Amino acid sequence: MDWFSDFFRSISENYGHFFSWSDIVGTLSDPVSWGIIGSLVLLEGLLSADNALVLAVMVKHLPKEQQKKALFYGILGAYLFRFLAIGLGTFLIKFTLVKVLGALYLFYIAYKGLFKGGEEDHTENKGTSFWRTVLMVELMDIAFSIDSVVAAFGLSDKVWVLFLGGILGVLMMRGVAQLFLKLIAKFPELEQTAFLLIAIIAGKMMAGAFGYEMSHVVFFTILIAVFVGTILYSSGKKKREANRKV
């Protein structure tokens, strides 16, 4: 039973970080932490912009006030899921097998996004009651969160870095989804870039499982290079197509 008590002690210590003032201050005062948080927000924004539209379709049969309430309850559910997943995940991610499985899952997500294309489900819930709609929104929010949470563990094991990245990512998905949709509409290749970044994170996680840790400087350099490179490539491609038409 020692392993059982050790397990619960480790889990309780992980959740204790959520309520540690020193951890909060350490996260907020560390430029590297903010770099990782910014990376998570960017990734979540690119991956989840169209998900906000799916949720909007799911609640549009409700009266206006109930639509806002259903989406608000969905946000609370997404935060609760992240709280539970991060506390447990920061314990599990210490095990090599979990890191390897997480990396393989991210490679699969990247492969599916890059070569098979995403499958969108714009399901409407006509005639569905308010609380049933809330439940559907909660489940959809959790489904959207899984990929982001697993990817986050490839970047950090600090609970407040992961949680802040998740909180801001969810707000990004709901609040400025239109901005990311316009960005993707202007530079369509950015949608594929998000999955390329997931593949890079998967590689980082897999390397970490076998003792090689990619430095934050190298990762941020790759992230910026890929993002800026995609925009430059997309802009050049548009100019070439415009010149051909002329």
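# Briefing on an all-helix predicted model

Leaving aside residues up to four places away in sequence, isoleucine 11 touches Gly87, Leu88 and Phe91. The structure that holds these contacts is a predicted model, and its protein chain of 246 residues has a secondary structure of 10 helices and 0 strands.

**The chain as a whole**

- Read along the sequence, the elements of the protein chain follow the pattern α-α-α-α-α-α-α-α-α-α, in keeping with the count of 10 helices and 0 strands.
- Of the 246 residues in the protein chain, 46% are buried.

- Isoleucine 11 lies in helix α1, and because its relative accessibility is 10%, under the 20% cut-off for burial, isoleucine 11 counts as buried.
- Phe91, one of the residues that isoleucine 11 touches, is 80 residues away from isoleucine 11 along the chain, yet the C-alpha atoms of the two are separated by 6.5 Å.
- Glutamine 66 is found in helix α4, and with a relative accessibility of 30%, which falls between the cut-offs of 20% and 50%, glutamine 66 counts as partly exposed.
- Between the C-alpha atoms of glutamine 66 and threonine 133, which are 67 residues apart along the chain, the separation is 10.0 Å.

**The nonpolar cores**

- In soluble globular proteins, nonpolar side chains tend to be buried together.
- The largest nonpolar core in this model has 56 residues, and those with the most contacts inside it are Phe18, Leu43, Leu46, Leu106, Trp160, Ile198 and Phe219.
- At least two residues of this core are supplied by each of α1 (2–16), α3, α4 (64–92), α5 (96–116), α6 (130–153), α7 (159–175), α9 and α10 (216–245), and the largest share, 11 residues, comes from α9.
- A second, separate core has 9 residues, with Leu55, Met58, Val59 and Val137 among them.

**Helix α9**

- In α9, 15 of the 21 residues are buried, so this helix is largely enclosed by the rest of the structure.
- At 1.5 Å a residue, the 21 residues of α9 should span 30 Å, and this agrees with the end C-alpha atoms of the helix, which are 30 Å apart.
- Just after α9, glycine 211 takes a positive phi of about 95 degrees.

**Enclosed space**

- Rolling a probe the size of a water molecule over the atoms shows where empty space is left.
- In the whole structure, a search finds 2 cavities of 30 Å³ or more, and the largest cavity holds about 120 Å³ of space.
- The largest cavity is lined by 13 residues, of which Leu40, Glu44, Ser148, Val149 and Ala152 are the closest to its centre, and the elements that give two or more residues to this lining are α3, α4, α6 and α7.
- Sorted by class, the lining of the largest cavity has 8 nonpolar, 3 polar and 2 charged residues.
- The second largest cavity, with a volume of about 40 Å³, is lined by Ser39, Leu42, Leu43, Leu155, Leu197, Ile201, Phe219 and Leu223.
- Two or more residues of the lining of the second largest cavity come from each of α3, α9 and α10, and the largest share, 3 residues, comes from α3.
- The lining of the second largest cavity divides into 7 nonpolar residues, 1 polar residue and no charged residues.
- Leu43 and Phe219, which line the second largest cavity, are also among the residues with the most contacts inside the largest nonpolar core.

**The second largest pocket**

- About 310 Å³ of space lies in the second largest pocket, which is lined by 18 residues, and Phe153, Leu155, Ser156, Asp157 and Glu213 lie nearest its centre.
- Both α3 (31–59) and α9 (189–209) supply at least two residues of the lining of this pocket.
- By class, the lining of the second largest pocket has 6 nonpolar, 5 polar and 7 charged residues.

Definitions and conventions
Residues are numbered from 1 along each chain as its sequence is written. This is a predicted model: local features need pLDDT of at least 70, side-chain atom pairs count only at pLDDT 80 or more; totals for chains, interfaces and linings use all residues. Side-chain values use heavy atoms; hydrogens and water are left out. On a 1 Å grid over the protein atoms alone, a cavity is a set of points where a 1.4 Å probe fits but cannot get out, and a pocket is an open set with protein on both sides within 12 Å along at least five of seven lines; lining residues have an atom within 4 Å of a point. Grid points are joined across faces, edges and corners, and a volume is the space filled by probe spheres set on the points. Helices (H or I, at least four residues) and strands (E, at least two) are DSSP runs, numbered from the N terminus. Ala, Val, Leu, Ile, Met, Phe, Trp, Tyr, Cys and Pro count as nonpolar, Asp, Glu, Lys and Arg as charged, and the others, Gly among them, as polar. A nonpolar core is a set of buried Ala, Val, Leu, Ile, Met, Phe, Trp, Tyr and Cys residues joined through side-chain atoms within 4.5 Å. Buried means under 20% relative accessible area, exposed over 50%, partly exposed in between (1.4 Å probe, protein chains only). The expected span of a helix is 1.5 Å times one less than its number of residues. Contact means heavy atoms within 4.5 Å.
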